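Here is a walk through some of the local geometry in this protein. Have the sequence and the 3D view open as you read.

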Amino acid sequence: MIRISRPIARWFVQARYPSGTNLLPILMYHRVLAEPDPLLPEVPHQALMADQFRTLAGAFNVLPLHEAATLLQRGELPPGAACITFDDGYRDNFELALPLLREFGLPATVFVATGYLNDGRMFNDSVVEAVRSLDTGEIGLEQVGLGKRLVTDVASRRTLIADLTKAVKYLESAQRDTFCEELCRRAGSRLPTDLMMTEEQVRAMSREEGIDIGGHTVSHPILARIDLDEARREIETNRDQLTTLTGAPPRCFAYPNGKPNLDYTSAHARMVSSAGYEAAVSTAVGVAAEDADPFQLPRFMPRERSAAQFVARMVRMAAHRHRQVAD
């Protein structure tokens, strides 16, 4: 893995994010793997994440999200400010990412969907693990509009995972769950039930210096696809469960899936504000600027495979600051 020296990385970053620019790149992660997984090429493994975190620690001023959101609104961000976030509440956040955050002295916000704690499994992981276990051959997927698909090598499985995830994501939740259960049955193997954190791991993580636990709803619904009362229950129940678990109300929130207008609306942003949150993040790709809505802060996912590429992406993103918010 190619590395870049701290002084060079810091020079590039400080040149692009100098004092007074008031720009905030927020990095979005979900999982981290012990080793690369050919079916999950975009998920960083621990060595790659260590390289990225080493670069962040040496070149950026990494801040807790709630603190950075406040400083952004005031126009008082330090040069090279940045934030780290993780979505969903995966067990590997506790087992693999947390030791790296400790090692490099980095704060982070971990957004937890409480309904999947203690042996739950997200629908997308059901898709991944079922496709991993499918026998070679043809499979009929007409019920989700994908016709018949041929499952052979790693490439065909990757493509099928991407297509299935996209096809299933916006189904009504009961329909989505029924399809995933049937897909798992057809795969014919026992799927993992240890992908998400336990309640005790969430509690332990919340006690770590610099680690904030954030809200992410109970069952990770597409908020724009459910009625407003149900959306409010998802937001507030998740908040209450996290408060009970950690002993403190969560300060920041992440919209499930997170695309403005498609996945959530301004009505949901108001709900989040009314629920007592200080800030919220979407998945609109960009860097937050001083005029950003604190309840619709953009983020981006780092996919680079070397420290030099990672720094180059961070530098390029400084120009990507157009506002993408829900109406």
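## The loop between β7 and α9

His220 sits in the loop between β7 and α9, and Thr217 is found in that loop too. β7 covers 211–215 and α9 covers 228–246; helices (H or I, at least four residues) and strands (E, at least two) are DSSP runs, numbered from the N terminus. This is a predicted model, so local features need pLDDT of at least 70, side-chain atom pairs count only at pLDDT 80 or more, and totals for chains, interfaces and linings use all residues. Residues are numbered from 1 along each chain as its sequence is written, and side-chain values use heavy atoms, with hydrogens and water left out.

What is the phi of His220? It is near 60°, a positive value in a residue other than glycine. Thr217 also has a positive phi without being glycine, near 75°. His220 counts as buried because its relative accessible area is 13% (buried means under 20% relative accessible area, exposed over 50%, partly exposed in between, with a 1.4 Å probe and protein chains only). Thr217 is buried as well, with a relative accessibility of 0%.

## Where α9 meets α10

The axes of α9 and helix α10 (residues 266–274) come within 10 Å and cross at roughly 40°. Axes here are lines fitted to C-alpha atoms, for helices over the stretch in contact, and angles run from 0 to 180 degrees between N-to-C directions. The crossing of α9 and α10 is right-handed; a crossing is left-handed if the near helix is turned anticlockwise from the far one by less than a right angle, and right-handed if clockwise.

On the α9 side, the contact (heavy atoms within 4.5 Å) uses Leu228, Ala231, Arg232 and Ile235, while α10 brings Ala267, His268, Met271 and Val272. Sorted by class, that is six nonpolar, one polar and one charged residues. For the classes, Ala, Val, Leu, Ile, Met, Phe, Trp, Tyr, Cys and Pro count as nonpolar, Asp, Glu, Lys and Arg as charged, and the others, Gly among them, as polar.

## Two other helix pairs

Helix α2 (residues 46–59) and helix α11 (residues 307–317) have axes that come within 9 Å and cross at roughly 55°. The two are therefore oblique to each other (angles under 35 degrees count as roughly parallel, over 145 as roughly antiparallel, 65 to 115 as roughly perpendicular and the rest as oblique). Asp51, Gln52, Thr55 and Leu56 of α2 touch down on Ala307, Phe310, Val311 and Met314 of α11. The class count there is five nonpolar, two polar and one charged.

Now try helix α6 (residues 154–169) and helix α7 (residues 173–187): their axes come within 10 Å and cross at roughly 150°. That makes α6 roughly antiparallel to α7. Leu164, Val168 and Lys169 of α6 make the contact with Arg176, Phe179, Cys180 and Leu183 of α7, and the tally is five nonpolar, no polar and two charged.

## Helix α5

Ser126 lies in helix α5, as does Glu129, and the helix spans residues 123–133. Ser126 is buried at 6% relative accessibility, and Glu129 is buried with a relative accessible area of 11%.

What does Ser126 touch, leaving aside neighbours within four places in sequence? Its contacts are Arg121, Cys180, Cys184 and Leu191. With residues up to four places away not counted, Glu129 touches Leu191 and Pro192.

The whole structure holds six aromatic pairs; rings of Phe, Tyr and Trp (its six-membered ring) pair if their centres lie within 6.5 Å, and planes under 30 degrees apart count as stacked, over 60 as edge-to-face and the rest as tilted. Tyr29 and Phe53 make an edge-to-face pair, 5.9 Å centre to centre with 85° between the planes. Tyr29 lies in strand β1 (residues 26–29) and Phe53 in helix α2, so the pair ties together parts that are 24 residues apart in sequence. Both Tyr29 and Phe53 are buried. Elsewhere, ring pairs link Phe253, Tyr255, Tyr264 and Tyr277 into a cluster.

Val281 is in strand β9 (residues 279–285) and is buried at 0% relative accessibility. Its contacts, not counting residues up to four places away in sequence, include Phe253 and Tyr255, as well as Ile26, Leu65 and Phe111.
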